[in-house]
Amino acid sequence: MSNLIYVGGQKGGTTKTTTSHLLCLGAILKKHPAAYVLTDPHRNIKAEGRPYGVLDGRDPDNLSQIIVASTSTKNGWLVVDGGGNRPAFDQAMSEAAEMTVLPFRPSEEDLEAVAKDLSAMPGSIALPSAWSTNKLAQESSRRLIEALEQAFPGRVLTTPVWFVNAAAELLGATLDSPTTPVRNAARHTFDILANAFEKHSKRGSPTIEIPREPVQAQ
Ligand SMILES: Nc1ncnc2c1ncn2[C@@H]1O[C@H](COP(=O)(O)OP(=O)(O)OP(=O)(O)O)[C@@H](O)[C@H]1O
Ligand SMILES: [Mg+2]
């Protein structure tokens with residue numbers, strides 16, 4: 001069966017989508033089947049030109065079907081990208097997923113947001129993301145990880161996903177030949193989350209109920 005990962009959190013721009021794509025690409029590079037699932041109703045699907053599957057889970061019924069169907073894939077990764085500031089959706093997916101990952105960037109705002117999400121979603125884990133590779137900047141951002149780890153022991157991953165200059169590649173229309181930095185970041189992200197999965201995963205709940213969000217005027 002596929003490992004069901006939910007990448008969520010309330011705050012915008014924390015790298016949910018990029019991290020989801022990195023994880024899928026990393027899985028493929030390590031020879032595991034992988035699929036990315038879009039759920040944000042305000043985003044468009046970019047299904048072509050990727051080495052992993054891209055599935056449309058914007059409709060809750062489709063999403064449930066995708067999740068059920070993924071149980072027949074052996075050793076695969078199904079990565080559900082949240083977003084769109086939908087607390088009820090975050091909640092439901094964190095219950096359905098085997099592991100919920102909450103990326104956060106090194107900023108006070110992201111730290112506050114991820115702390116709220118860790119409280120709201122028991123069992124979820126925080127992933128430092130787009131972390132600077134500069135030594136001085138690392139020093140101050142390490143303190144952010146430590147502060148969070150103190151408040152939520154065992155629920156903060158200590159190896160960050162590094163800042164990747166070419167990260168925008170991952171969200172482009174196609175991803176036919178990813179550059180070396182992107183492939184390296186993808187393998188690294190996969191390693192971090194595959195290790196975390198061994199420690200933190202739970203078996204998905206057998207019944208999956210995903211709430212419909214009220215349709216909002218644009
Ligand atoms: N590891 C990284 N290194 C450098 N930049 C990154 C990294 N991850 C994401 N980014 C950049 O950060 C920005 C936000 O990323 P992304 O769209 O993945 O966030 P998001 O949480 O999905 O946002 P939203 O809440 O709008 O869905 C993008 O410009 C992306 O290129
Ligand atoms: Mg996104």
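A crossing of two helices is termed right-handed if the near helix is turned clockwise from the far one by less than a right angle, and left-handed if it is turned anticlockwise. In the predicted model described here, the crossing of helices H4 and H5 is right-handed.

Helix H4 comprises residues 108–120 and helix H5 residues 135–151; the two pack with their axes 11 Å apart, at an angle of about 20°. Because angles under 35 degrees count as roughly parallel, H4 is described as roughly parallel to H5. The contact brings Leu-111, Val-114 and Ala-115 of H4 against Leu-144, Leu-148 and Ala-151 of H5. The residues of this contact comprise six nonpolar, no polar and no charged.

The strands of the model include an open sheet of seven, in the order E3-E2-E4-E1-E5-E6-E7, with parallel pairing. The pairing of E3 with strand E2 (residues 34–38) is in the parallel sense and extends over four bridges. Within this pair, Leu-38 stands opposite Asp-56 of E3.

Helix H1, formed by residues 16–29, lies across several strands of the sheet: E1 (3–7), E2, E4 (77–81), E5 (99–104), E6 (125–131) and E7. Relative to E4, helix H1 runs at about 170°.

Notes. Residues are numbered from 1 along each chain as its sequence is written. Chains are lettered from A and ligands numbered from 1 in the order in which they are written. This is a predicted model: local features need pLDDT of at least 70, side-chain atom pairs count only at pLDDT 80 or more; totals for chains, interfaces and linings use all residues. Two strands pair if DSSP finds at least two bridges between them. Two residues are in contact if their C-beta atoms, placed from the backbone, lie within 7 Å. Axes are lines fitted to C-alpha atoms, for helices over the stretch in contact, and angles run from 0 to 180 degrees between N-to-C directions. Angles under 35 degrees count as roughly parallel, over 145 as roughly antiparallel, 65 to 115 as roughly perpendicular and the rest as oblique. Ala, Val, Leu, Ile, Met, Phe, Trp, Tyr, Cys and Pro count as nonpolar, Asp, Glu, Lys and Arg as charged, and the others, Gly among them, as polar.
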